[in-house]
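Here is a walk through the contacts that hold the parts of this model side by side. Have the sequence and the 3D view open as you read.

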Amino acid sequence: MAVIVVLFMSTILLLYLLWTPQGGVDFAGLIGRRGRTASLPEAKGLIQAGFAVSGNGSGSFTRSEDTDGDIQEAAMAELEGFLAQSYVESASISREQYELAMSGWPSVRISYDAELPFSAFCAICSPESALSIRDDVMMKTLSFSEAAADSVFVTDAEGNTQRFVFGEARDSVELLLSQFGDDSVPCYAAKDLLGHGDAMLALTGESGLRRISASNESADSDFGTDAARGIFGDTFSFVRRMVDSFGNITYMYGYGDKNLYLYTDGGTAYSASEEGALQTGFAEDLDTALGFAAVCGGLSEDEWGGMRLTGYSESGSRIKTRVFEFSQTAGGRAVFGAKGPALRITVTGGSVTELAREGLKYSAGSADELRQTISPANVIANNSHHIYNVLHGSVLAAASDEAFEYAAGETESLTLGYFADPLQGGAELIPCWVLRSRSGVRFYFDLYEGTPLGYSD
Amino acid sequence: MSRFMRVAAALIIALSLCISPVFAAADIVSPVAGSVVESDSLLVSVKVTGAEKVDITVYRVYYESSPAVYETTVAAIGPSEGDLDISSGGALEVSGAAISTEPALEENAPAGGSPSQSSSGGNAEGEAQSETITILVKEAEYSPVDAEDLTAEDLEKIAAGNSLDEDGMPVTLSDGSVMPKYSDRVYASTVRYTNESEIGFYTKQLSSVKPGLYKVTVKSSSGTTSCYAAVKEKQAEPEKSNIFTTQKSGALQFLRNVLRSLFR
């Protein structure tokens, strides 16, 4: 009799522990599978070059998209070599000095999608370095020049350049130039090609990129539950699950203290009302962001594919709010959607307060035969009215020359990528030119036709 | 004409005047007119406004290093002087291809256009005399323009194409020499670019370009546009130390180094 009672009570207890809000028993919970695989990508691998430009010292430049990451890896190794030295001082230099250093001598400059604190970048390259790098310098472009072989040049998004002088010279430029492969193409400043603007634009282009079919990561039936379990952890049992008339699912903890939204279009969002109160650094917040995203859907190679940091911003003085944006990659090229990168995470005071995620599953496959793309010059020229109207917020048509000069001046960079065109249950990845404006808006244009595909803030 | 026809004609004319015609145009963005480029490559960028087909040609400019030579030899036989051999010659400038380079030779004249003598007809008294005129033309020689000493002002003068200035004096270049005659020879064959949008660009990089003077010509429905650019060898690099000025005073830098060495 006692045995029967014990068995009965055990059964009740097991049902209480394993019963799911959807009804039914979660046997997977018996073997400890809660949330997705929490394997995190390395910070070093997330920071990839948008493109790199080499100068031969005679006014000629070539440009590489660095899809295999060789130039970026070499640049980080060179910076690590500088940081191993015992002396550094920095000074601001003028735009003219910087341009002369880049054009009058062999040089290499690497441009990044996201503007990062240079001190954080140095800490990622060389965690053991004893050198103290200023916290107030932001890096959008990292440059090396034989005009100053003992220096690196750090340029922010506004075009202000700091020269960091180390104790000993290195053969950085020669080593970096050797990393430029056959995919390098001639490039010129926009003012030389178009008569206006500063962006370094490729002269022409050839590509074998083709369209790729993709499905929503949330199409996996366990995705939502795993994400909820991963986020709410032990409190999952106290989470309310609600489904609206459209099929969108909301997991709510408390009275809206923490909410997880699973949308029918494949998007996932999280919000928390309580902010953290810790004084954290870039690396800590990045780890926090990645760790959170890993339990909210996974970030492993087979779950997410490649990824790269394509956007970053920070605010606040003592308690920092940092927003990290990550894009998936296909063949080394970033993938963007109509809402921008696939993953956006906000960390305040060391805690995640917001997350927006719209990942895709796809197989990049092999490239097609090379064919001519539309030239960057004509991407800007043919779409100047579109760019003008979006950035100006104006519905009235500007004069052609006015719109063109504005669009050329506002162009910060033009790189190859993919645009995820939404389809039922997924998307089609369309090869595109990604035009980033100085105000941060990204425009997407078909790589071969030059027609607009969309834009995102 | 009936009143209705007059009104209709007036309306058609007014409508035609109201419709603004779309003027297509082509501008050369690069090279900038009169620019001096220190590089081994030349960027050609042409902006085309409106639906238009344009022809783009790049020429290398040559100067007349040796003028043409024009010699005439006249042989005539007079009635009282027997056989006469009159040769006359002089160097006359010729221009263009107006002058045939083939000398007028008689049947018994030696080949090669060398001055020849011949006679024809009889030399008996009273008979009409004939003349044989031999023309020898040595073509002008042209050499590539050496752009080493050309300045932007020189390029302006070359582009203007005037051999005499306002005072009627020969135009001189910045090195004091008289502006020679120039001749264009095709360097990059004509390319036709078709623009189908409001604004389009033709862009091309010419690589391994030798130092010299080049001319880019664009022909469109609205006319022909040209510009000259001088390509030079890259000059010696400026002193590296001149690029970056010292930011801090010597005393302050010394103090920083001392402090740094103490806490190293």
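Buried area is the accessible area, taken with a 1.4 Å probe, that two parts lose on being put together, summed over both. The size of an interface is often given in just this way, as the accessible area lost when the parts come together.

Some ground rules before the numbers. This is a predicted model, where local features need pLDDT of at least 70, side-chain atom pairs count only at pLDDT 80 or more, and totals for chains, interfaces and linings use all residues. Residues are numbered from 1 along each chain as its sequence is written, chains are lettered from A and ligands numbered from 1 in the order in which they are written, and side-chain values use heavy atoms, with hydrogens and water left out.

**Inside chain A: domain 2 against domain 3**

Chain A is split into domain 1 (43-183), domain 2 (213-362) and domain 3 (367-456); such bounds come from an automatic or database domain assignment. The C-alpha centres of domains 2 and 3 of chain A sit 28 Å apart.

Which residues of domain 2 of chain A lose the most area to domain 3 of chain A? They are A:Arg333, A:Phe336 and A:Ala338, together 40% of what that side buries. Strands S11 (212-216), S17 (321-330), S18 (333-337) and S21 (360-362) of chain A each bring at least two residues to this side, and S18(A) gives the most, with five residues. Helices (H or I, at least four residues) and strands (E, at least two) are DSSP runs, numbered from the N terminus. By type, this side of domain 2 has nine nonpolar, six polar and three charged residues.

**Between the chains**

Here are the two interfaces, with contact meaning heavy atoms within 4.5 Å.

| Interface | Residues in contact | Buried area |
|---|---|---|
| Chain A and chain B | 36 residues of chain A, 32 residues of chain B | about 2,700 Å², 52% on carbon and sulfur atoms |
| Domain 2 and domain 3 of chain A | 18 residues of domain 2, 15 residues of domain 3 | about 1,300 Å², 58% from carbon and sulfur atoms |

A salt bridge here is a side-chain nitrogen of Lys or Arg within 4 Å of a carboxyl oxygen of Asp or Glu. Chains A and B have one between them: A:Asp401 meets B:Lys47 at 3.1 Å, N to O. On the chain A side, S3 (88-93), H4 (95-103), S8 (185-189), H7 (190-193), H11 (376-382) and H13 (400-410) each supply at least two residues. The largest share, six residues, comes from S3(A). That side divides into 18 nonpolar, 13 polar and five charged residues.

Between domains 2 and 3 of chain A, the salt bridge count is zero.

**Two pairs worth a look**

Over all chains there are 21 salt bridges. One of them joins A:Arg170 and A:Glu78 at 3.0 Å, N to O. A:Arg170 is in the loop between S7 (161-166) and H6 (172-177) of chain A and A:Glu78 in H3 (70-83), 92 residues apart.

The structure also holds 18 aromatic pairs over all chains. Rings of Phe, Tyr and Trp (its six-membered ring) pair if their centres lie within 6.5 Å; planes under 30 degrees apart count as stacked, over 60 as edge-to-face and the rest as tilted. The rings of A:Phe282 and A:Tyr312 have centres 5.0 Å apart and planes at 70 degrees, so this pair is edge-to-face.

Definitions and conventions:
Nonpolar A, V, L, I, M, F, W, Y, C, P; charged D, E, K, R; others polar.
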